[in-house]
Amino acid sequence: MASTTASSPPTDIAKRMAVSKNAADDMMRVLSIYDTGVLPMSPPAAGEAAGEAYGSDEEEAFAAAEDVILRCNSSSSSSGMNDYLYAVDDAIAAAALQGGLASRAAEAVQAAMPRLEEEARALLSSSSSARRHSFSYSDDLVVDDATSPPDASPSPRLSPRAAASVLGVADRMLRAGYGPELAQVYVAVRRDALAEAVAHLTGAADPVAIEEVLRMDWPALDQKMRRWNHAVRAVVRTVLAGERQLCDEVFASDEELGHECFADVARGCVLQLLGFADAVAMSARATEKLFRTIGMHEALADVAPELVALFAGDARDLFDAEVSAVSARLGCTVRRTIEEFGAVIQGESSRRPVHGGEIHPMTRYVLNYCGLLADCRGTLDIVLVDAIDSFDGGDADNNDDAGATSTPSGRCMRELMTRLLRKMDEKSCLYDDAGLKHIFLMNNLYYIVQKVMDSPVRELLGDDWIRRHRGQIRQYETGYLRASWIAVLSCLRDDGSAAGPTVKDKARSFNAAFEELYRNQTSWKVIDPQLREELRIAVSERLIPAYRSFLARPRTQTGSSSGSSRHSASRYIKYSLEDLEDYMLDFFEGVPKFVK
């Protein structure tokens, strides 16, 4: 006994353990005091005595719990929340027992709920009230940026400490049967937090009305569409995914209620995002909107499975249908815009020929546009799958290639190219000179083929298309040579008849015809240096041998072998072979010149 008396006096912890039959229970309560920043979860033993009669110790414990609840309710201070939660645990346990204290315990639980609701509200609000996000967007934000780091997007997530504390409060409310009240608080607070995050990502404090989108000028709408493309990914993968996790943790003991709460919280921001996309789909179609609209379709298709998977039950069916409908309307807008683009090509009606047979502005525009379309061929294969008839006519070689060329995007590209080439045929008729007509066609087709070869359009049109149209360029070259040079070369031809034109007459005719060609065709422009050089070589290969043969003839075909006759004929030979070769270097440069 002496040794016992000599031992250390009992500590506060020992005293607290002595008043309960469940030492482990009390140990948890006491140790939780030393981390006052995190509200405790309910102890493992809570509620184990349900259905048993109260003894004197239980009555004393409940009386202490009731006193804590009433005392804290009368104070606005949030200190002592750990003891308050444990008191609520005792009250919940007492309310589930048989006996006279059950109704009194139920009243204590009911009295504690408003305080717990306020505590839950404060904790759930901490994500938005404690800080403001500093994330911003630059003007050159790319539309397909789906790889931003998770911490780069604003998220209304709670801090780990706040999240742990709110779980403790939520657990008491759910066990006490106050799930609807908890759900009401959760939805009211978290809906606002999500709205703030979405507003920051989209740059719109309030939802954009359809009428506003329809009236918006293109630069403003372009900025909003570009920002939307990034925002929809960040909202689904960061904001909503984080909210789904929090909701699952808060309503872990009532999964169905958790699904309902998440749907109520997320519904507004999801419908806001889908509403903007729907308004864009309803707005007036224009070629400059096409690629932004394709970007929106791609972004929505990218996140659609993840978005729908966040919901359950009727909410999942609802949002699945909404996403599919909006995606279909965006796809329809893309399809009709492309069809209208093809109609614009076909309907271009300017009557002024391009100077010098150069590349037509429409050719450049269409090829640049088609190059961008080819980059989106995956999306085009989806949205154009129902538009086969619109992009399956005109070109007789539609079925020559397999693979990518037989896809909806491949058929679309061939149809656009066919319409462009037909339009260039029409434009060539504006030229009175048949040679210039062929120069114009050659310039434009050569440009088209080169652009196709150097872009993803090649995969959609196929190598066979390129080979055939290269052959068409050679045909245009032949047409030019016949139209421009047959008459000139005929002046140099030996017709073998003594009664025909004399050498003097032939020389005069050749000089006049060549000088006329030189004056006209130095002003014609062949844009590509390689094509220009090939065309000069093709002319020289016909002109120089014919002229050399002509120069060899005067000595034997002057009608006399006298020196004076030979000298008389030579007076009309104005150009040497070297002269002609030098003059040919001035052809197709786009600078009119005259023979000196």
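## The largest cavity

The largest cavity has a volume of about 120 Å³. This comes from a predicted model. Across the whole structure, a search finds 3 cavities of 30 Å³ or more.

What lines the largest cavity? Thr202, Ala204, Pro207, Val208, Lys224, Arg227, Trp228, Gln272, Leu273 and Phe276 do. Helix H10 (218–250) supplies at least two residues of this lining, and helix H11 (255–282) also supplies at least two. Sorted by class, the lining holds 6 nonpolar, 2 polar and 2 charged residues.

## Aromatic pairs

A pair of aromatic rings is described by two things: the distance of the centres and the angle of the planes. The count here is 23 aromatic pairs. Take Phe311 and Phe319: their ring centres are 4.3 Å apart and their planes meet at 25°, so this pair is stacked. Both Phe311 and Phe319 are buried.

Trp485 and Phe514 make a tilted pair, with 6.4 Å centre to centre and 50° between the planes. Trp485 lies in helix H19 (residues 463–490) and Phe514 in helix H20 (residues 503–521), so the pair ties together parts that are 29 residues apart in sequence. Trp485 is buried, and Phe514 is buried too.

## A cluster of rings

Trp485 and Phe514 also belong to a cluster linked by ring pairs.

## Charges over rings

Which residue lies over the face of Tyr84? Arg115 does, at 5.4 Å from the ring centre. Arg364 has its charged end over the ring of Tyr447, 5.2 Å from the centre of that ring.

Note on methods: Residues are numbered from 1 along each chain as its sequence is written. This is a predicted model: local features need pLDDT of at least 70, side-chain atom pairs count only at pLDDT 80 or more; totals for chains, interfaces and linings use all residues. Side-chain values use heavy atoms; hydrogens and water are left out. Rings of Phe, Tyr and Trp (its six-membered ring) pair if their centres lie within 6.5 Å; planes under 30 degrees apart count as stacked, over 60 as edge-to-face and the rest as tilted. Buried means under 20% relative accessible area, exposed over 50%, partly exposed in between (1.4 Å probe, protein chains only). Helices (H or I, at least four residues) and strands (E, at least two) are DSSP runs, numbered from the N terminus. A charge sits over a ring if NZ of Lys or CZ of Arg is within 6 Å of the ring centre and within 35 degrees of the ring normal. On a 1 Å grid over the protein atoms alone, a cavity is a set of points where a 1.4 Å probe fits but cannot get out, and a pocket is an open set with protein on both sides within 12 Å along at least five of seven lines; lining residues have an atom within 4 Å of a point. Grid points are joined across faces, edges and corners, and a volume is the space filled by probe spheres set on the points. Ala, Val, Leu, Ile, Met, Phe, Trp, Tyr, Cys and Pro count as nonpolar, Asp, Glu, Lys and Arg as charged, and the others, Gly among them, as polar.
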